Amino acid sequence: MEEIQSQSDNYRSSSSSASSPASRVPSSNFFYLRKPGSLRQPISFEDSPEWEDTDVEVRVEEGGDSINAATTPASPSLSKLNSGSLPSPPLPEGAAVARKIAGASVVWKDLTVTIKGKRRYSDKVVKSSNGYALPGTMTVIMGPAKSGKSTLLRAIAGRLPHSARMYGEVFVNGAKSEMPYGSYGFVERETTLIGSLTVREYLYYSALLQLPGFFCQRKNVVEDAIHAMSLSDYANKLIGGHCYMKGLPCGERRRVRIARELVMRPHVLFIDEPLYHLDSVSALLMMVTLKKLASTGCTLLFTINQSSTEVFGLFDRICLLSNGNTLFFGETLACLQHFSNAGFPCPIMQSPSDHFLRAINTDFDRIIAMCKSWQDDHGDFSSVNMDTAVAIRTLEATYQSSADAAAVETMILRLTEKEGPFLKSKGKASSATRVAVLTWRSLLIMSREWKYYWLRLILCMILTLCVGTVFSGLGHSLSSVVTRVAAIFVFVSFNSLLNIAGVPALMKEIKTYASEESNMHSGALVFLLGQLLSSIPFLFLISISSSLVFYFLVGLRDEFSLLMYFVLNFFMCLLVNEGLMLVVASIWKDVYWSILTLISIHCYLPGLMSWPL
């Protein structure tokens with residue numbers, strides 16, 4: 001304890017410019033608005049009001065099943081932040097109003113996740129975490145890299161990999177049960193989008209894959225999702241661009257990924273790193289959009305690595321992790337007070353999230369070791385001389401014995417003592433519908449992407465001209481029959497090998513399928529059937545165009561029935577080859593190994609079949 005106290009005193013003395021949360025940060029929100037009449041003056045922290053404490057209580061309505069979270073603010077400005085009402089211009093006449101969503105309370109209690117090592121489940125990624133998320137609020141899981149943020153989020157959502165094992169309990173509306181299909185949405189950190197579709201087309205096909213019902217109903221759902229994520233200006237733009245036109249910016253692509261899950265109108269939305277690869281402006285716009293979504297009643301739970309001061313002010317609750325340990329859970333305002341009580345007050349000109357991660361990120365120890373041998377321009381390194389391990393132990397010990405931890409336990413008891421309404425599945429689209437949707441969507445993609453079949457058509461025509469020219473003018477002797485058989489063999493074999501050039505383009509579809517399969521929007525058999533059926537028109541075009549050129553160059557019999565027989569045989573060869581390519585690429589999900597396997601099959605299988613002869 002003497003070591004912890006000395007480290008805390010050392011850090012407190014280094015932060016002499018720090019002050020208590022009541023005097024260092026604003027209360028209403030983190031948009032530092034200038035005073036009226038001072039448009040040319042620089043923005044300062046003094047232009048904003050001060051923090052004030054709030055009392056949060058949860059009441060269970062008698063005779064009702066819902067749990068309401070009531071926030072009693074001490075100032076009107078703070079109530080605007082907690083209620084999610086941000087300053088915005090009035091809506092014009094005829095503007096669409098956001099549809100209300102019935103959210104759900106999510107509670108996790110003593111949640112521990114272990115990852116299977118070489119012999120047994122030994123590595124604890126998350127250790128005895130407790131927390132909750134309420135309807136109409138944004139709860140963020142924050143921490144440095146490899147602190148267990150994404151693992152905790154996946155454990156709560158029930159999407160852990162097979163190599164992980166979970167201990168503890170997760171409650172939804174007070175009931176210990178898994179969330180059914182359609183009641184929640186999960187947005188991965190990296191989700192492959194289809195660049196050749198517009199935003200509206202992409203969301204429309206996603207709605208057809210997910211929802212049962214009529215087409216007109218799905219169009220309304222898509223428009224609601226576009227409006228909820230503020231994508232109206234980009235609805236008719238291609239996601240990946242076209243020719244020399246740029247595609248959607250990174251921030252808008254992230255919002256499209258979230259909108260894909262919103263077509264189900266989920267009660268709970270899990271997002272893994274919504275600010276991943278976003279600049280400060282795009283990150284702020286994203287969080288304002290999510291805050292607007294939360295105000296409709298949806299329960300938002302997401303992870304984040306770091307945020308600006310403005311973004312931090314939009315959070316309702318924060319769960320701070322370091323090496324799997326929960327260092328704090330509660331209101332964002334109370335987190336500042338928690339760090340101050342532990343001896344690590346946040347300096348005035350530093351972002352709260354930067355300060356939190358600076359105190360609990362063990363990677364800074366390497367910077368300290370590197371900087372001990374020399375001095376900075378100001379003569380010392382007082383801002384980085386704190387031992388991170390000591391800070392983590394201090395913060396964890398302070399939180400476990402604080403009133404914040406007791407308040408979390410009390411809240412968990414209140415949320416789990418009475419079961420609310422059970423979440424019901426919203427139904428799925430039938431397998432036949434999904435096959436039809438995937439077939440039509442793939443047809444549209446292949447017609448717009450020149451790398452799929454248009455390039456293969458050009459290459460096949462060039463190869464056909466080369467082979468046909470080599471074997472032209474054979475005459476009608478008996479020996480020319482054997483030569484023509486060899487020409488047909490070379491023509492079919494080389495065209496089958498040439499179709500392997502479509503594997504890289506097929507990998508994009510497989511990545512999209514993998515993302516849809518993880519959210520139970522599609523299946524392996526549905527994907528394979530849809531891709532194979534959509535390739536039939538293009539393969540028939542390739543077969544008939546190549547066969548017409550080759551047939552007459554080689555000098556085969558000039559009869560229509562024989563010509564069509566040759567075309568159909570060549571088409572069936574291409575179709576079987578396409579199916580084989582789909583199966584191999586779906587198994588490997590890698591360009592290199594898929595091409596290597598297909599070449600091996602084409603080269604060695606004919607030899608093995610003809611070996612007994």
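Helix α10 passes helix α11 in a left-handed crossing (left-handed if the near helix is turned anticlockwise from the far one by less than a right angle, right-handed if clockwise). The model is predicted, with local features requiring pLDDT of at least 70 and side-chain atom pairs counting only at pLDDT 80 or more, while totals for chains, interfaces and linings use all residues. Residues are numbered from 1 along each chain as its sequence is written, and side-chain values use heavy atoms, with hydrogens and water left out.

Helices (H or I, at least four residues) and strands (E, at least two) are DSSP runs numbered from the N terminus. Helix α10 spans residues 332-341 and α11 spans residues 352-360; the two pack at an angle of about 45°, with their axes 11 Å apart. Axes are lines fitted to C-alpha atoms, for helices over the stretch in contact, and angles run from 0 to 180 degrees between N-to-C directions. The α10 helix is therefore oblique to α11 (under 35 degrees counts as roughly parallel, over 145 as roughly antiparallel, 65 to 115 as roughly perpendicular and the rest as oblique). Cys-335, Leu-336 and Phe-339 of α10 form the contact with Pro-352, His-355, Phe-356 and Ala-359 of α11, contact meaning heavy atoms within 4.5 Å. By class, six of these residues are nonpolar, one is polar and none is charged; Ala, Val, Leu, Ile, Met, Phe, Trp, Tyr, Cys and Pro count as nonpolar, Asp, Glu, Lys and Arg as charged, and the others, Gly among them, as polar.

Helix α16 (residues 454-470) packs with α19 at an angle of about 15°, the axes lying 9 Å apart, so α16 is roughly parallel to α19. Their crossing is right-handed, and the contact has 13 nonpolar, five polar and one charged residues. Helix α18 (residues 503-518) and α19 (residues 524-554) pack at about 150° with axes 11 Å apart, and α18 is therefore roughly antiparallel to α19. Leu-506, Glu-509, Ile-510 and Tyr-513 in α18 meet Ala-524, Phe-527 and Gln-531 in α19, giving five nonpolar, one polar and one charged residues.

The whole structure contains four cavities of 30 Å³ or more (on a 1 Å grid over the protein atoms alone, sets of points where a 1.4 Å probe fits but cannot get out, with lining residues having an atom within 4 Å of a point). Of its 13 lining residues, Tyr-181, Tyr-184, Glu-261, Asn-519 and His-521 are the closest to its centre. Strand β7 (residues 184-187) gives the most to this lining, with three residues.

Notes
On a 1 Å grid over the protein atoms alone, a cavity is a set of points where a 1.4 Å probe fits but cannot get out, and a pocket is an open set with protein on both sides within 12 Å along at least five of seven lines; lining residues have an atom within 4 Å of a point. Grid points are joined across faces, edges and corners, and a volume is the space filled by probe spheres set on the points.
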